[in-house]
Amino acid sequence: MTENTTGGDVRLTGISKTYGSFTAVHPLDLTVPQGSFFALLGASGCGKTTTLRMIAGLEDPSAGSVFLGDRDVTDLPPYKRPVNTVFQSYALFPHMDISENIAFGLRRRGIKSVKKQVDEMLELVQLGDKAKHKPHQLSGGQQQRVAVARALINHPQVLLLDEPLGALDLKLRRQMQLELKRIQTEVGITFVHVTHDQEEAMTMADQVAVMNGGRVEQLGAPADLYENPRTTFVANFLGTSNLIEAEVVETGSDVVVTAGGGKLEVPGDRCTDAVRRGGKLLVGVRPEKISLAHADDAGSIADGRNRVTGRIVDSSFIGVSTQYVVNSPAGAELQVYEQNIERDARLVPGAEVVLHWNPAHTFGLDADQSLLAGTVGAAGVETVEDAS
Amino acid sequence: MSTTLTKEAPGPVEEPVLRKPPARKRLVPYWLLLPGILWLVVFFALPLVYQASTSVQTGSLEEGFQVTWHFRTYVDAFAEYWPQLLRSLLYAGTATVLCLLLGYPLAYLIAFKAGRWRNLLLVLVIAPFFTSFLIRTLAWKTILADDSLVVDALGALHVLDVTSWLGFTEGERVLATPMAVVCGLTYNFLPFMILPLYTSLERIDGRLHEAAQDLYASPATTFRKVTFPLSMPGVVSGTLLTFIPASGDYVNAELLGSTDTKMIGNVIQSQFLRVLDYPTAAALSFILMAIVLFMVTVYIRKAGTEDLV
């Protein structure tokens, strides 16, 4: 890590990629700060992998430039860029043993004594006893760690990870997420991680860029993206959101809207666009922010909370929580996640309920977008319930 | 496997009794093997034994041949025909190397660069098989004839001066020279080189090339360290499929060569059909077989592809 004199920032300026008439990546400006764990998140075909491949040099951008630190590397072939990739399928060389695979990059740069570094790397990924094995003798998780070691040993300015955990089963994936995060903290190299798994992006990354249709929809820290989505796509793709179409009746520091006959408050600074009286607004709230009270107990709800009345149409017990689906005049199939602390036996499908939450947890989105953007590929459970 | 497991499980742990598949099911593989085995016995093993016995017989066509264990035939045959044997190996070896040099780039192109033309190109590779081997070789006779376009062009380019100086051609002639025979062999066996090469190149995951380039390997180094080693199974089977039949070939030397370019195949053919000296012909066949077997074994060992082929 001595060669990072010019800094490991990755800067993309106006970079785009078109294949014939199809635009995979629209002109894009992006800066990945040195030493950060950066995730490119999106559904398949959103241009995230193409963006990664342009940083690696495996794909030529149709326009724009790629900078590593202050150096323009746009026209450098992949083998001259101080960047290494962990491929989705690992792409380990089947005719070489594990230590030869790991030493490949060092040898290509004319480094003769590789043994010590290879051993250190094997230690880092906890595969010391597998040095003489061939890749096909290793399990998926082990191959994945070899792929990481093979890239990291070169001390790249940036490590690119192309869905590296996609082929692993759930449990192993969680384990590898932690391990990758540990390695990143240990070596301090900039990681750019491509994934379609929003949970993976949120647990691992410092910064997440949500991509959709070849564009970055929103960029920020995971918590910020989750709490303050600026588009319906982000609201739906990252976790689940209840989105209610509403009409603005009052503007100011608190925006008041009506939906389905009831009034709701939205903090003015949590609305994406300039709100005007009489205009439309999409009001959003996360399912876990909502509390559920039986209609008979409506009187005991504290003043100043947003309320929506409705009827439970479905409930499923998940263990930690119970997930309810509520139909209301304000919106159909609202999701509510209740912690299983004190369960109210009256909250069963068919029951009349009041949904209430702190107005501070409400966000407002531009009403000119599809309510359903980003729902495909979001956390699976709700989608399944929706269908039934 | 399953039967031995059930019998040899006297351990204290009670193992689940593995059910033996019914006898009919266990015999299926052998029934499937039967036609092939019969074919090999009748058309390969028996003729081989017959030929082995012929090689140690003495006699003449008029008096009949007797097995006399006359191993001397081998020594005599080798002593008399070693130049033709050596020439066969030399010509076949040269043709194999030429096939590899011509075939590898073509197979590489078809496997990685041809895109939608891939299938058409593959058909073109095997297209020559739609005509008979003899006709194709006769066609080369026309191509390489004196004062033909090709020969005149080679002469004008002074290529023939160089090849004549090296002893491959004679003056302004190409036909009836070693070069003509080697050209014929190369041409006729080229598809046998290209197809296995193509199959093993085509199997290589393109992402391995990307991975190599990502790890600081230039395109040339990527080829040397990744593509070529991974195509070794194709190189080995291609060279074997070319070298083995080429070393026993006699058609090319017969049609394109002269008396000075006789290969061992021509000798065996004439011993069998013209001189009617069956023992010598059989002995020569065995000598050739032994030499080729020996060379192939050494080659496969050297190529170190035991876990790739």
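## Exercise 1: Domains of chain A

The C-alpha centres of domain 1 of chain A and domain 2 of chain A lie 38 Å apart. This is a predicted model, in which local features need pLDDT of at least 70 and side-chain atom pairs count only at pLDDT 80 or more, while totals for chains, interfaces and linings use all residues. Residues are numbered from 1 along each chain as its sequence is written, and chains are lettered from A and ligands numbered from 1 in the order in which they are written.

Task: state the residue ranges into which chain A is divided.

Solution. Domain 1 of chain A covers 10-227 and domain 2 covers 239-387, the bounds coming from an automatic or database domain assignment.

## Exercise 2: Two helices of chain A

Task: find the angle at which α2(A) and α4(A) pack, and classify it.

Solution. Helices (H or I, at least four residues) and strands (E, at least two) are DSSP runs numbered from the N terminus. Helix α2 of chain A (residues 98-108) packs on helix α4 of chain A (residues 140-152) at about 30°, and their axes are 7 Å apart; axes are lines fitted to C-alpha atoms, for helices over the stretch in contact, with angles from 0 to 180 degrees between N-to-C directions. Angles under 35 degrees count as roughly parallel, over 145 as roughly antiparallel, 65 to 115 as roughly perpendicular and the rest as oblique. The helices α2(A) and α4(A) are therefore roughly parallel to each other.

Next come the residues, where contact requires C-beta atoms, placed from the backbone, to lie within 7 Å. From α2(A), I98(A), N101(A), I102(A), F104(A) and G105(A) meet V146(A), A149(A) and R150(A) of α4(A). By class, this contact has 5 nonpolar, 2 polar and 1 charged, where Ala, Val, Leu, Ile, Met, Phe, Trp, Tyr, Cys and Pro count as nonpolar, Asp, Glu, Lys and Arg as charged, and the others, Gly among them, as polar.

## Exercise 3: The spread of chain B

Task: compare the radius of gyration of chain B with the value from the globule rule.

Solution. Chain B has 14 helices and 2 strands. Its radius of gyration is 26 Å, well over the 19 Å that the globule rule gives for 309 residues, so chain B is more spread out than a compact globule; the radius is taken over C-alpha atoms, and the rule is 2.2 Å times the number of residues to the power 0.38. Along the principal axes, the C-alpha atoms of chain B fill a box of roughly 85 × 70 × 35 Å.

## Exercise 4: Inside chain B

Task: describe how domain 1 of chain B touches domain 2 of chain B.

Solution. The assignment gives domain 1 (18-67) and domain 2 (73-303) in chain B, with C-alpha centres 31 Å apart. In the contact, 9 residues of domain 1 of chain B face 8 residues of domain 2 of chain B. On the domain 1 side, α2 (23-55) and β1 (57-60) of chain B give two or more residues each, and α2(B) gives the most, with 4 residues. That side has 4 nonpolar, 5 polar and no charged residues.

## Exercise 5: Where the chains meet

Task: count the residues that each chain brings to the contact.

Solution. Chain B brings 15 residues and chain A 16 residues. Within chain B, α9 (206-214) and α10 (219-230) each supply at least two residues, and α9(B) provides the largest share, 6 residues.

Technical notes. Two residues are in contact if their C-beta atoms, placed from the backbone, lie within 7 Å.
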